[in-house]
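Here is a short tour of one protein chain, moving from its overall surface to a few local details. Have the model open as you read.

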Amino acid sequence: MDLPSLAVVLRAALSHVPEERKAAEESLNQFQYTPQHLVRLLQIIVDGSCDMAVRQVASIHFKNFIAKNWSPNDPDESQKVLDSDKAMVRENILGFIVQVPPLLRAQLGESIKTIIHSDYPEQWPSLLHWVTHNLELQNQIFGALYVLRVLARKYEFKSEDERIPLYHIVEETFPRLLSIFSKLVQIVNPPIEVADLIKLICKIFWSSIYLEIPKQLFDPNVFNAWMVLFINLLERPVPVEGQPIDPEIRKSWGWWKVKKWTIHILNRLYTRFGDLKLQKPESKAFAQLFQKNYAGKILACHMQLLNAIRTGDYLPDRVINLVLQYLTNSVTKNSMYQMMQPQIDIILFEIIFPLMCFNDNDQKLWDEDPHEYVRKGYDIIEDLYSPRTAAMDFVSELVRKRGKGTLQKFIHFIVDIFRRYDEASADHKPYRQKDGALLAIGTLCDKLKQTDPYKSELERMLVQHVFPEFSSPVGHLRAKAAWVAGQYAHINFSDPDNFRRAMHCIVSGMRDPDLPVRVDSVFALRSYVEACKDLNEIRPILPQLLDEFFKLMNEVENEDLVFTLETIVDKFGEEMAPYALGLCQNLAAAFWRCMASQEADDEADDSGALAAVGCLRAISTILESISSLPHLFERIEPTLLPIMRRMLTSDGQDVYEEVLEIVSYMTFFSPTISFDMWSLWPLMMEALNDWAIDFFESIQALNLKATAENGVIELSVPSGYSDLSNNLGPEFHSLSLWEQIETYLDILVPLDNYISRGTAHFLACKDPDYQQSLWNALSSIMGDENMEDSDIEPAPKLIEVVFQNCKGSVDRWVEPYLMLTIERLRKTQKPYLKCLLVKVIANALYYNPLLTLETLQKLGVAADFFTHWFAMLQEVKKSGARANFKREHDKKVCCLGLTSLIGLPADKIPADALDRVFKATLELLVAYKDQVAESKKRNEEAGDDMDGFDADEEDDEEVDSDKEMGLDDEDGDEVSSLHLQKLAAEARGFQPADEDDDSDDDFSDDEELTSPIDEVDPFIFFVESVQGLQASDPARFQNLMQTLDFRYQALASGIAQHAEERKVEIEKEKAEKANAQ
């Protein structure tokens, strides 16, 4: 398609006539892979004579095509773009950045980002030279900075070994960058275009230093040159002239952006180098330099900047938030706090407290958009930008670390506000200050509950200053009263009527005319339900309460609402049975609403998605609460089936874990597994063979690198995942954790249920063939050499489920599963997976010992396998504990497998082999007997300990805010540092552990799973097998007994005696169970 024709088609893509638009889109799709297509699109984008709407369509099509086709995700996929076209695009696109208007520059910028991430440095080695060359040309500086920003950002979150190209970039560009930066800062009365250039330089610097400081900047002279400029920008007032009037536009104005990025950079440096105790040896000298020469100057500038709040001048919310983060981090450091101390009253009472008070913007949002008011109030991302949250954090840290001097002073200030509020007439009450005072009291809840003399006055404080606001004429005070009351629900009320009064006021608040009051009341209710010792307080109003709850869910999508419902369900347990169907129907309806709102607006915030997850989690809680009432599951199933069917497809990737949990409950507690529920099996198999495994592997591959600095866990992301992080902005990366969805592991439970509870259908049905589909999935997983040992652990567990539940019915699968298991065992490194694989063969022996042994001999692996198994059984750690088969279940399976061999004919198992099997089984049975006894003892002791569980309730209190106990303010830093290292390890997904640690797996969740072998006593099974041998082949039995030395004879006698004891115990248990029924 030539250039004029392409322009016509692009114009037609804008047509209001659907047929014309569709034809144009089909034409674009048809010709998009033809040679020169990308180049022609680029020509149209930069053609100033072309209509802007056509240029914009071309830029969007260009960006989308490059994002999808420049570098295919699948390495086996053929290249869609010719190398010659790629070369021509790379040669021309950089220069066009300056030529096109901002509207088109954003699209070209995204395209350059895609190309750089794919091609630099290997396929685009000339890129850096282009940047350095254009940095020298006055009219090309913007384009060079723009591209350098994209280039630096590629490495922003890379691990150290992946950042090597960045260090070369810094070496080549930073000297010239510093020169440009210096000249720009020195311009008198600079135009707004200068702000755009400085902002780009700041972003380049940020990306270059975010995780590691390039070695060039460790030069004190070079670093000082940069810092002088940053501190100049920090000190310099933002120009008044040209500032937009609209606050939404004003906060994004170029010079305020420069101020924000400057503070970002200085805060980041302070986070990394503000604490010597957290430094590596090679960076300690640099950290000392930073603290001595710059940390105090930055603090002084920040405190000066905050004066704008006192004088009523403008400061963007994000700037306030960042400045307060710096002050909060400074509270714990003696030298920095000494700088703040002379002004601490001003900071606390004239800056921090006003930020905590209800303001004009709050009132406007409350009146005009209460839904948005609620969303912002409970959005963790909003908290990252919020001055109010930063102010609350500052107060919390101040009273925690400097409590002796500040807590009393601050509480006196709050009490004085309460007094003035009470004394004033209704027309002159300081409502907004009262709101701020209540927020302060709620923020300091944990501290006040632990500190004398305040903890004894909390109930009186609630009665005098919080409860009256439940009936306030001012809506935001009613909401704040509910929130504060919720914070203190767990205190010991000396007068139960006060607890009852608060809870009834909160329940009444659920019917308040103002939406934010209703929402805050529901959240507070959760705390009161948890704290309520007499459920008769709630039981009479439960139907009405649930009714109000669902009315609110119809109005607001918020996961915290669902948390309250979960708490109610959990607290009342089986008493929720009459409401279970209605609750599930309401939650299902709420779930579909959340999904519809997400699908209608792809760029909507996460609150709807989180609320959808919350709905599913609440459904699981309800199902768990009625687990002893199986008939209810049949009634609930039709309500939940549409959700399970839809969300077990690729549409449900975001909620897959939660849906699998629901499937697990429905397949385990229902009286039978219905045909409708069986229809979900193919969906799970399809997901397991397709996107679910890919999704799981992708998440596992992240291997998040976590470092802990100054109380913040920083996560860096390996190659290929940085876009995920980049889109969230720098402020997101101080969040404490990333969720990992282990889909594959979650599939284990429902599949186990299908096989174990629907065995007959699993075996009989051939359309679909469940046995074949399971084999297809498991063979694909276990045969995949790219899957880590830890990722395939559920596969051998599912093979175990098949052999244990389908005894005598799956002979044809013995050989395939044994071949698969042996092949994986040869490659396996992890001991735990080795144990699982050996247990597959042990289960096969118990399933059919003769068939299994003959199969192993047919495969030529029998001798090697048994040698390996016996070696694993004998392996011990330094402590003397067994290195393998540590769980009770492991030992039992091995015992049953080995015991099954004892009854085989002499021509199948030679005498020496029988001797080894017999002795190994005896030792294993003794170990199993001891572990069961130890487990029983632990459970009894745990039951006794629970009686005094609350005795140490106060033991984990903060110690009187450190200095009150005479401790230096930084004494705890070393401990904190160790704690942070532990948290960082947790963020990586593992805990550093001694390789010889015995405590890891002896007792685990596996012990809670049920299986057919639960009814088989290994001691009785062993004794009966030996008796069978004695009866069928007395001579062979006699020979076996004669080979036993005194020790093994004693073990055999002890096991025989224990088997008799077990028979008596089992009969007793059966009788007790019969009597109980």
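This is a predicted model, and its chain has an accessible surface of about 49,700 Å², with 50% of that area belonging to carbon and sulfur atoms. Turning inward, 52% of the 1077 residues count as buried. The secondary structure is made up of 52 helices and two strands. As for how the chain contacts itself, take the contacts between residues at least 6 apart in sequence: 75% of these join residues at least 24 apart.

Is I380 buried or exposed? Its relative accessibility is 51%, so I380 counts as exposed, given that the cut-off for exposed is over 50%.

Helix 50 and helix 51 pack with their axes 5 Å apart, at an angle of about 125 degrees. Because of that angle, helix 50 is oblique to helix 51.

|---|---|---|
| Helix 50 | residues 1018-1032 | V1026, L1029, Q1030, A1031 and S1032 |
| Helix 51 | residues 1034-1042 | P1034, R1036, F1037 and L1040 |

Definitions and conventions: Residues are numbered from 1 along each chain as its sequence is written. This is a predicted model: local features need pLDDT of at least 70, side-chain atom pairs count only at pLDDT 80 or more; totals for chains, interfaces and linings use all residues. Side-chain values use heavy atoms; hydrogens and water are left out. Buried means under 20% relative accessible area, exposed over 50%, partly exposed in between (1.4 Å probe, protein chains only). Axes are lines fitted to C-alpha atoms, for helices over the stretch in contact, and angles run from 0 to 180 degrees between N-to-C directions. Helices (H or I, at least four residues) and strands (E, at least two) are DSSP runs, numbered from the N terminus. Angles under 35 degrees count as roughly parallel, over 145 as roughly antiparallel, 65 to 115 as roughly perpendicular and the rest as oblique. Contact means heavy atoms within 4.5 Å. Accessible areas come from the Shrake-Rupley method with a 1.4 Å probe; for residues, only the protein chains shown count as cover.
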